[in-house]
Amino acid sequence: MNARQAATEASGRLAAAGIEDARFEAELMAREAAGISRAAFFAGSALSAEDALRFEEWVERRTKREPAAYITGHREFYGRSFGVGPGVLIPRPETELLVELGLEELDREPLAVVAEAGTGSGAVAVSIAAERPGACVLTTEISAEALRFAAANAARHAPWLRIIRGDLLSAVSRADVVLANLPYIPAWEIEALEPEVSRWEPRIALDGGVDGYDLIRRLVLDCAQRVRPRLLALEVGFGQAGDVEAILASHGVAPWRVKDLSGIDRIVCARWA
Ligand SMILES: C[S@@+](CC[C@H](N)C(=O)[O-])C[C@H]1O[C@@H](n2cnc3c(N)ncnc32)[C@H](O)[C@@H]1O
């Protein structure tokens, strides 16, 4: 059986497991399992016995709704490949906005200290540190499992990044730019999310407490009382921008929103200095 035939057969099983883009996912997994290009896939490239076994194992895992990025072990983010697996959040494309905001701020003030709270795979902080090797970038994380992925991704793309194990910015004495994609899902909503998220991604990366804002409130308070960054940029979920603006406004700053490519208010920002 060639890779294309194997993908066609597998796409039926993936669709039956409730996977929306079953055909596309089957093609991607077959190509990755065989290490072949799209052109070779459509030209009927053969699957070796070893590749076929790997592909079969991957399809089996995917039918249990394990995220594709955990199965292949990586996800692209801001043009680089990040290692991911159970224990760390898979970086989402919309989070690249945080990288852009951080880079813009560094273009204005190259000596600014950039700190990210809750780095997960390291996607945001590693991308900024890799794009601006001379800048002072540091990042924090509380989960030991996530820290292992962040350290490996930093070692690959930006070994000069400082990664600190700790609660939010508690171990950071100075930051001019604070970026964060903190857990913001209300705890009671997590079970209703798609299985790839609710069953597989770490709860500590998702759970924002009763209303979703526990960690955001704590970080904003720390910024207001102590850090006072020239830019705080917080990623938020669909429909949350107004609430986060209200949290920021209650500390006397004037927030604004940044939309993602789908037109959703995705980042809420504020300045202290
Ligand atoms: C939504 S994930 C974002 C991960 C990564 N920044 C990204 O955008 O892909 C939130 C991250 O914050 C971490 N986290 C949760 N509570 C934290 C805390 N109190 N201090 C530091 N990190 C925390 C989680 O372990 C998780 O890695």
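This is a predicted model: local features need pLDDT of at least 70, side-chain atom pairs count only at pLDDT 80 or more; totals for chains, interfaces and linings use all residues.
**Domains and their interface**

The protein is split into domain 1, residues 3-64, and domain 2, residues 74-270. Their C-alpha centres are 33 Å apart. Contact between them involves four residues of domain 1 and four residues of domain 2.

The size of an interface is often given as the accessible area lost when the parts come together. Here the area buried between domain 1 and domain 2 is about 270 Å², and carbon and sulfur atoms give 24% of that area. On the domain 1 side, Glu32, Arg62 and Lys64 supply 91% of the area buried against domain 2, more than any other three residues.

Arg62 also takes part in a salt bridge: its side chain meets that of Glu196 at 3.0 Å, N to O. The rule finds one salt bridge across the interface of domain 1 and domain 2. Two residue pairs are in polar contact across this interface, both at pLDDT 80 or more. Sorted by class, the side of domain 1 that touches domain 2 has three charged residues, one nonpolar residue and no polar residue.

**Cysteines**

A disulfide is a covalent bond between the sulfur atoms of two cysteines. How many disulfides does a search of the whole structure find? The search finds zero.

| Cysteine | Closest cysteine sulfur | Distance |
|---|---|---|
| Cys136 | Cys223 | 16 Å |
| Cys269 | Cys223 | 12 Å |

Cys269, with a relative accessible area of 1%, is buried, since buried means under 20%.

Note on methods:
Residues are numbered from 1 along each chain as its sequence is written. Side-chain values use heavy atoms; hydrogens and water are left out. Domain bounds come from an automatic or database domain assignment. Contact means heavy atoms within 4.5 Å. Buried area is the accessible area (1.4 Å probe) that two parts lose on being put together, summed over both. A salt bridge is a side-chain nitrogen of Lys or Arg within 4 Å of a carboxyl oxygen of Asp or Glu. A polar contact is a pair of N or O atoms within 3.5 Å; within protein, one must be able to donate a hydrogen and the other to accept it, and residues adjacent in sequence count only if both atoms are side-chain atoms. Ala, Val, Leu, Ile, Met, Phe, Trp, Tyr, Cys and Pro count as nonpolar, Asp, Glu, Lys and Arg as charged, and the others, Gly among them, as polar. A disulfide is a pair of cysteine sulfur atoms within 2.5 Å. Buried means under 20% relative accessible area, exposed over 50%, partly exposed in between (1.4 Å probe, protein chains only).
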